[in-house]
Every structure is written in structure tokens, then in C-alpha cells.
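Hi,

Here is the structure I promised to pass on.

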Amino acid sequence: MSQAVDGNEAAAARGTGAPSARSMADPRRTSWPILLIFLVPALVVYGAMTAYPAFRTIWDSFFTIDGSDVSFVGLSNYRDLMSDETFWIAVRNTAIWSFVAPILDVATGLLLAVALYAGVPFARFLRVAWFTPVLLSYVVVAILWMWIYNYDWGIVNLALRAVGLGSLASSWLGSPNLALGALIVTHAWKWAGFNMVVCLAAIHSLPGEVLEAAELDNCGWGAKLRWIIVPMLRPTLLNLYILAFIGKMKIFDLVWIMTGGGPLWATETVSTYVYKRAFNWNSFDLGYPSAIATVWFCVVCAAVVTLNRLLRSTERLEY
Amino acid sequence: MAAIAMRRGLGRSALALVIGIYTIYTAAPFLWLATMSVRTTNEISLDHYAWPHPFHWEQFRIAWVDSDFATYFWNSTVVVVGAVAVVTLVGAAAAHALARYRFPGNRLIYGILFSSIIFPPQITLISLYQILVDYDLYNSLFGLMLVYISLQLPLTIYLLESFFARIPQDLFDAAKMDGYGDLEIFIRIVLPLGMPAIATTLILNFIQLWNEFLFAVVLITDPEKRTLPIGIRAFMGDHFQDIGMIATGVMISVVPVILAYVFFSEKLIRGMTAGAIK
């Protein structure tokens, strides 16, 4: 991205330097028909499959749509939404997930990256191995962890019983108090490797002298982490936080397969609730879920813009 | 001195321990799944954690032939390969125009195309369902493919644009002087030079679409047209107790991803993390 801008600026600089004789054949310019050949396919795909459906969803949110029966209801979907308790539970769960879980993801990723950077044998192999869960589909991860959490023979309960803590063995996905936490752990298992790789690359791009100087001062890894790595990696860590945040605002697959939003709405997220209202309850109304989707679309966009502003405007570390 | 050395040694072994435990934590569930995929459900229910003995490789044949996983596999392959091929070509063309040419609205178009990467899927999901029903594309692999193309377009343009922009302008100036047209430049210079980035995008799009669940589950209901993720989920719904066969089906869906990872791990990791590294 920044390279692209640099490239354009460099070309602009060259353009002003060169005499206008060359401007006729400025290689940075071309005719509109050529540009359209390149751009139209992408714009058509975007228009037909992204922009139009998005507008249509927003438009639909003012109607009740029951099959081919369409009736205008104004803002009543939104009024209903405000007093829909399940919706607010879903918002609360999604918010907990989006704000808290990324801290877990990013912290694990950072610690793993520091461990690899500290120079362990097989670092290359470990990096590849730890990244593997990122590539597994949510369906696979969900099935695997449903078995891991199984009450009778899941490894979690077996391990607890083996060390004499059998009383702590629980139905991890069946208990309203534990289910959300259990899902967050599963999600972190999938994504920690991603954060690790990004942090590792960022640590490697730090100027080596700083860490060497800390080494000379006999500074332990804890201190290095606290005073050097975290402050210098701030932009990367914030980026990762925002990425994880966006991902969690959209979370659907894992929840849908592992708990279906239950028990008792304990893991309901906005995405699963929209899906239920649109396709799973036999209520046959696409207007109301469209209203939820519209509200959530605005919330996600606003949250991303605000987070970007808030986190980026604070002083940047220069090095 | 000795004290420091000892502390170092202690720190080393603590570190090794943590790393060992974490490696088991990431890898063991997957190995467990792999062992179950070659055991029958009866064996598994006797002891869930035993080593397979003997290896029931016929589980894969049964899953492939009798449990319809072959259908799911080929459906997934058709949809994903088709979508990836189209999105890469369409995305590369747009990325080239945006990276190379100066024209009014360049950054605006880039911003519009890219911004949809943060959209929650529901904003298009419900309407896409209605639209595909309207155009008789509901329950069709072709319809799903069109949706997949649009899902991966922002990421494709983002990755390729940043790479194409780094191709030196001199190459293009030289090509122009040799009388290359704009389309020729794209086909004979940008595509070959951009191959590393294109390969990354191909693999990344492949894996993300191979794993896609939400749109498939909404847009496909016909059992004959299920892709692997929804096929496995449906199989699990019908045969909840048949753990061995579920594990085998899951392995079938994972193998292509693992193969891609074995051959292209560096490219994949770079592609997936490109957005986050500053």
C-alpha cells in the first residue's frame, strides 16, 4: 500500500521533471477504453455481488418480506429490534468476544514469537507447525473441539479426572456459564499461530542493535518484552488487535457448529442470530433479519473507523 | 558467573518446556483426528486414544464411495477451482490498472473495492439468497461460484496491487518503446513478473474458499450439490455417533489443504499475514 503511493509519487516527480514532449506518451497514462477493459470485470463483480446486495439488504430492512408478500413497514423492524432481548444478548456476547478474545490471541502470539526469537532449536519447523490450525476450516476445528470437550471421553475431562479434579469435569459446551469461554479458547487455538507469525516478522524487522544493547545490559527477556519489544511493536500489535476484532464481530461458523448459539442463548452472536431469523426459524420474514444485518453493518464499520482513529492517533514510536 | 549460567540454563529448560507443551497443544488434536480416521467407530468407542491397530484404510474407501464424500469433494473442487481462476484473473486486471496508471478516481476505486473486506457477511447474505433465487441460481454450483468470486475479490486486489506497484516503471517504458500495447504489457510483463504474488493469492484464495461455510450452507440445500464443509456437517447431523466415519470425512477435506501447505508453506504464511505486517 505505502509502496503503491511511493511509486505514484516517484512517477509524479519524474513527470514534472521531464519535458512536456514526453507527456504525449506518458506511460503512466492510458486511454479510458483500455482502463475500462481492466477495471470493468472487477467493478461488475463488485456491483452485482457486493454493492447491490448490500443496498438491497438495507432497503429490505424497511419492509416485511414473506415470500412474495412485501409490505412497507417503515422503521418498525428497527423499533422491534431495540426491544428484542435476544438481539441484545447476542450483541453482548459478540462484544465480549470482540474486545476480550483478541487480547488473548495477540498476547499468546507475541509470547510464542518471542520464544521462537529467543533462539530455540527447530524454530523454522515450529513456526510452520504452529501455523497449521490457521488453515483448518472452522468445520474441522469445531468438530475436533466438540470431541475434545466431550463429557465422557473428551481429553479435557479425562485429564481433570486423571489428576483427581474430577469434580471440575463439566459439560463444557452444555453449560451456559462455560460455553462462551470454551468457544473463545477454541477460537484462540485456531488463531494464535497467525498472530505469532506476524509478531515474529515484526520482531525480526526491529533494529538489531536495540536488542543487543539490552543483552549487554543483562536485561532479562521479561524486561526486554516489557520495555523494548512491546513498545516498538505497538503498531503491529494494534493492527493485529483490529484484525482479530473485525474477525470476531463476524464470527459465525464455529458457534453455529459447536453450540448453535445455545445453551439458552449463552453463545448467541449477532451473526448466528441473523442466520436463525432469516433461514432457520420458520418465520419467513427476511425484513427483520435485514434490519439486524444493517444495524450490525453500521456498527462494524463505525467500530473499525473509531478503533483505527483511536489507536493510530496516539503517538507513534519512531525508530 | 556460575549463578548467571545456571539461571540461563533454568530459563532455557523452562522455555523448552513451554514450547514443547504448546507444540503438543497445537499438533496433538490433529494427530488424534488422523488416528481416528483409520479406526472403526467400534474400536474408537472402546478406547478413544489408542493407536490404530490395524490401520483401517478402507475407511477412506467407504467414506469416498458409500458416504457421498466423493460428491462433496468434486463439488468443492469445481466451485473453488473455478472461482479462484476467475477471481485471480479479474483481480489481477484491476490491480494492474490501479497500480500502474494514473487517472482521476484511481484511489477512490481502490478504496471502494477494498473496503468491502470489513463488511460483515450478513449484509450481502440475505439479499444474495433472494437474488440467486430470482435468477434461478439458488442451489446451483455456478451461483455459489459467482458469490465466491465476489468474496475473494477485495483480498486479491489488495495483495496483487501492492506487488504490481513495485514492478519498476522502467520495464514498462521500455516495453512501450518496443511497441507493446497496454494489453500485451499486462499479459507478457505483469503476469509473468507478478507470478510470486499471483501464486500466493491463488493458494490463499483456494484455502479460504475450500473452508468456506456460511454462504454454502445458505445457498445450497440439494444434497447432490453440497460442498465438503456443509457435507461433513450434514453427515455429522445424520450420524452423530459414527465418530470414525466423521473423522475420515474430515481428513478427506483436510488433505488438499495440508498438501498445499506442505508445498507452499512460506508463500501461504506470507500471503495470510501480508495485511497485518507494516
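Two residues are taken to be in contact if their C-beta atoms, placed from the backbone, lie within 7 Å. Please keep in mind that this is a predicted model.

On that basis, the contact between the two chains takes 78 residues from chain A and 74 residues from chain B. On the chain B side, helix α1 (residues 2-37) gives the largest share, with eleven residues. The side of chain B that touches chain A is made up of 49 nonpolar, 17 polar and eight charged residues.

As for chain A itself, there are 13 helices and two strands, and 38% of its 319 residues count as buried. If you take its contacts between residues at least 6 apart in sequence, 71% of them join residues at least 24 apart.

Now the core. The largest nonpolar one has 167 residues, and Ala42(A), Ala94(B) and Leu144(B) have the most contacts inside it. It lies between domain 1 (2-58) and domain 2 (68-238) of chain B, because both give residues to it. Ala94(B) has partners in both chains: leaving aside neighbours within four places in sequence, it is in contact with Phe38(A), Leu39(A) and Ala42(A), as well as Leu113(B) and Ile157(B).

Helix α13 (residues 243-273) of chain B is worth a look too. How far apart are the end C-alpha atoms of this helix of 31 residues? Only 34 Å, whereas a straight helix would reach 45 Å at 1.5 Å a residue. There is a bend of about 100° in α13(B) at Phe264(B).

Ser253(B) also sits in that helix. It has 23 other C-beta atoms within 10 Å, and 20 or more is the cut-off, so Ser253(B) is buried. Not counting residues up to four places away in sequence, Ser253(B) touches Ser137(A) and Val140(A) from one chain and Leu228(B) and Ile232(B) from the other. Its C-alpha atom is 8.7 Å from that of Asn211(B), which is 42 residues away along the chain.

Most residues other than glycine have a negative phi, and most peptide bonds are trans.

- His53(B) and Pro54(B) are joined by a cis peptide bond, with omega about -10°; Pro54(B) is in the loop between α2 (41-46) and α3 (58-65) of chain B.
- Leu264(A) has a positive phi of about 55°, in the loop between α11 (253-258) and α12 (270-280) of chain A. It counts as exposed, with 11 C-beta neighbours inside 10 Å.
- Asn139(B) has a positive phi of about 65° and lies between α6 (122-134) and α7 (141-164) of chain B. With 15 C-beta neighbours inside 10 Å, Asn139(B) counts as partly exposed.

Cheers

Key: Residues numbered from 1 in each chain as written. Chains lettered and ligands numbered in written order. Predicted model: local features only at pLDDT ≥ 70, side-chain atom pairs only at ≥ 80, totals over all residues. Helix = DSSP H or I, 4+ residues; strand = E, 2+ residues; numbered from the N terminus. Buried ≥ 20, exposed ≤ 12 C-beta atoms within 10 Å, placed from the backbone. Nonpolar A, V, L, I, M, F, W, Y, C, P; charged D, E, K, R; others polar. Core = buried A, V, L, I, M, F, W, Y, C linked by C-beta atoms within 7 Å. Domains from an automatic or database assignment. Expected span 1.5 Å × (residues − 1). Bend = angle between axes of the 7 residues up to and from the residue.
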